[in-house]
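Subject: Handover of a structure for your review

Dear colleague,

Please find below the structure that I am handing over to you. My findings follow it.

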Amino acid sequence: MTGTAAPSLPSRMRAAVWRGPGRPLTVEELPTPRVEEPGDVVIRVRAAMFGAALVRAVTVGHPRLSPPAVLGTLVVGDIVETGAAVQHLKPGQRVTLDPHPPCGHCDNCRDGLQALCSTKISISPGAHAEYVRIRPPVATHARPVPPGVSAGEALLTEIVACVLDATHTAGIGPGQDVLVIGCGPVGLIQVQLARLRGAQRVFCSVNHPGRRHLVHQAGGIPVAAEDLSAEHMAVLTAGRGPHVVVEAVGSAATYASAFEVVRDGGTVVGFGGCPSGTTIPLDLNAVHYRRIRFVGSYHYAPGVFEEAARLLETGQIDLKSLLTHRIPLDRIADAVATARRPDCLVPVVEP
Ligand SMILES: [Zn+2]
């Protein structure tokens, strides 16, 4: 069923295998995935994400993952084999993958809520391997990476898309004051995108003094995490508070701060994911009489991945400073420790 293939793919490859919560990832040999169906594409992985979600999965597990498994969904790599029906891609091309393309036929997709498409899509075996096989609709949406964009930068397209969707959802626009709570990769990308959309002042809470310069570099104004009070934020915003507050930490305390500091008629965006069952006391009198809008943000609408890719490709956002650590596959056992270092923003696995 093979359309076109590189002359020689090894029969076996190396991959990082997860054998259960708390156990170290091990490098093992697995069969190299090959094209099986006409729409399949096999990719030589050049960069794969090891973000906070994976640190959680490796250490405490994940409801949708059962060991043994090769983890990771974010991939940039070079095409080495394509199925007979694949017309738009060819071996040798470097591509970045949208891991959440909507199926178009589930209930949520039919309701226009493609960001919450309920069809589970996976790559085989997982991103932390030398080779992966992808199928439609992931293969259909694979996007060539132009020269001048590094594999690591292209790997961040999905994260930029999620943040961009939050920016759209919040209605961030010219002249606004915005507060981003959280100075990880998401927070720092949010600062850049808010500035790009014309926000006047973009504050960003900083809990590592070492990240203040990154906030400045992104065009933002650092605010110490302990200064996230209504009084302090009012002083910084001519007495009004921010128009938009984006919570990008995922904790009850920072969600509560977001409601406290937002201005009358403002918007709180719930970007940070909290553990199931997390609750906060919310003054519903204030929500009503101050007309506070609260909106959750998760994944992105159709077209936003492509919009994010164009921002990268045209140099409108800078992601180089976020790519702080590289993890060769042979050092995968150190990945959790690396990802937890205070100076680590984005750790990239390079199989
Ligand atoms: Zn769907």
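What spacing do the donors of the zinc ion follow along the chain? In this predicted model, the spacing is C-x2-C-x2-C-x7-C. The protein donors are the SG atoms of Cys 103, Cys 106, Cys 109 and Cys 117, and they lie 2.3 to 2.4 Å from the zinc ion. Cys 103 and Cys 117 link distant parts of the chain, being 14 residues apart. Cys 103 belongs to the loop between β6 (94–96) and α2 (107–110), whereas Cys 117 belongs to the loop between α2 and β7 (131–134). Both Cys 103 and Cys 117 are buried.

As regards geometry, the site of the zinc ion is tetrahedral, with angles of 101 to 117 degrees among its four donor atoms. For reference, the ideal angle for four tetrahedral donors is 109.5 degrees.

The structure holds zero disulfides. Cys 274 is partly exposed, its relative accessible area being 30%.

The loop between α2 and β7 also contains Leu 113. Together with Leu 116 and Tyr 298, Leu 113 makes a nonpolar surface patch of about 290 Å². Leu 113 has a relative accessible area of 38% and is therefore partly exposed.

Two cis peptide bonds may be of interest when you prepare the backbone. One of them joins Ser 124 and Pro 125, with omega about 0 degrees; Pro 125 is likewise placed in the loop between α2 and β7. Another runs from Pro 67 to Pro 68, with omega near -5 degrees, and Pro 68 is in the loop between α1 (52–60) and β5 (75–83).

Finally, I turn to backbone phi values. Ala 238, although not a glycine, has a positive phi of about 55 degrees. Ala 238 is located in the loop between α7 (230–236) and β12 (244–247), and at 68% relative accessibility Ala 238 counts as exposed. His 299, also a residue other than glycine, has a positive phi near 55 degrees. The place of His 299 is the loop between β14 (293–296) and α10 (304–313). Is His 299 buried or exposed? At 15% relative accessibility, His 299 counts as buried.

With kind regards

Methods:
Residues numbered from 1 in each chain as written. Predicted model: local features only at pLDDT ≥ 70, side-chain atom pairs only at ≥ 80, totals over all residues. Heavy atoms only, no water. Disulfide = S-S within 2.5 Å. Buried < 20%, exposed > 50% of the residue type's maximum accessible area, 1.4 Å probe, protein only. Donors = N, O, S within 2.8 Å, 3.2 Å for Na, K, Ca; no water. Tetrahedral: all angles 85-135°; square planar, octahedral: opposite > 155°, others 65-115°. Helix = DSSP H or I, 4+ residues; strand = E, 2+ residues; numbered from the N terminus. Patch = residues over 30% accessible without salt bridge, like charges linked within 9 Å, V, L, I, M, F, W, Y side chains within 5 Å. Areas by Shrake-Rupley, 256 points an atom, 1.4 Å probe, with all protein chains shown as cover. Salt bridge = Lys/Arg side-chain N within 4 Å of Asp/Glu carboxyl O.
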